[in-house]
Amino acid sequence: MKDKIKSLIDLSQIEPEALKQIYDVASLDIVKKLAIMPDVHTGYDLCIGGVALVEDHISPSFVGYDIGCGMCFVNTGVKKEEIFRSRKEREKIAQQIYKAIPVGNNIRKKPLDYKPFKSASGDKNLTKKVNDKLYHSLGTLGSGNHFIEIGENLEGYVCITIHSGSRNIGHSIASYYMKKGRFLPLKSDIGQAYIQDMNFALEYALENRLTMMKEILKILGFTEKEAKKIIKKTLINENHNHAVITEEGVLHRKGATPADEGQLGIIPANMRDGVYVTVGLGNKEFLSSASHGAGRVLSRRKAKELIDLEEFKKVMDSADIVAKVSPSTLDEAPFAYKDINQVIEAQRGVVVEIIDQVKPVINIKG
DNA sequence: ATGTAC
């Protein structure tokens, strides 16, 4: 059983509950390989930061609730000084973003256009449930670790990163299929239906991020034409909750950045340290995957209990980052996360190379 | 991870 598990972090460093999940999953005959990322923590069924190769079956719970959750990134090609001259200006832009993009539990009052969903399983309730919120949820950020970040890369160019998922749409699809079984045979109607509906959620999550990306570029003063060009030329899109059918089996990633050879990805650190741009090395031992973040050291509850708001404010101010520093974001403070350098070093040259790094200027959160 | 909704 243990030879199925390949971990980028010492197993002794993993929280007991997540470790139990790892052994439970690895003990299943149907699971051929299990790769563990350094930001691993307890999730529903398969741990977050877990990548599982499964034989002939697809598992809704191995993909998780936020199907298609992931990152979009662009490099505007404009230097920081050309857009941001003062802190006041940055604060104004942050305000404009909060005004244009619903965050947290909020969705749009006025719906945006998107092609309707029809459940491949034929379930009328699921179809209705998804379509009900489809247009209102598009272009909304969500909560938790989801964020919008405007930052400066190593060359001084303004880059935009968005971390968000499929909102209620993916959640509805995920819950519906999780009730159908832990593993759905690929050669079954329900398995095929899940694949189709999961793919819809992946597409929707990308559209969700792109909608926000276009709005942000507009707020930064780019014309529609310029925005299109920036996206076309520089977009990195990657999602860390999905399943892919491969020749070796069904590859499920839950909280893991795809790192096929040459594949670009984004690994976020935390609100203060920004994001890393990665290129995959296609390391099959680790199922061509990398971490999807730094990983928490404090649970959300503990973070709110232990972290001092003033301390949080101090580090964000000294890095001159405009961000929502409040009791509601204490659980997202840098101290709630592992030291990103260690997490990166555990992966550099093994599953990815780092090709760029972006320091935050503005961080938007739910 | 998520719509004030069984």
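Ser288 is buried, with a relative accessible area of 6%, where buried means under 20% relative accessible area, exposed over 50% and partly exposed in between (1.4 Å probe, protein chains only). This is a predicted model, in which local features need pLDDT of at least 70, side-chain atom pairs count only at pLDDT 80 or more, and totals for chains, interfaces and linings use all residues. Residues are numbered from 1 along each chain as its sequence is written, and side-chain values use heavy atoms, with hydrogens and water left out.

| Residue | Phi |
|---|---|
| Ser288 | near 45°, positive |
| Asp56 | about 60°, positive |

Ser288 lies in the loop between strand 14 (274-280) and strand 15 (289-291), while Asp56 lies in the loop between strand 3 and strand 4 (57-58); strands (E, at least two residues) and helices (H or I, at least four) are DSSP runs, numbered from the N terminus.

Strand 3 and strand 11 (residues 250-254) run antiparallel and are joined by five bridges, with Val54 opposite Val250 in strand 11.

The largest nonpolar core has 32 residues, and Val51, Ile307 and Ile340 have the most contacts inside it; such a core is a set of buried Ala, Val, Leu, Ile, Met, Phe, Trp, Tyr and Cys residues joined through side-chain atoms within 4.5 Å.

Terms used. Chains lettered and ligands numbered in written order. Pairing = 2+ DSSP bridges.
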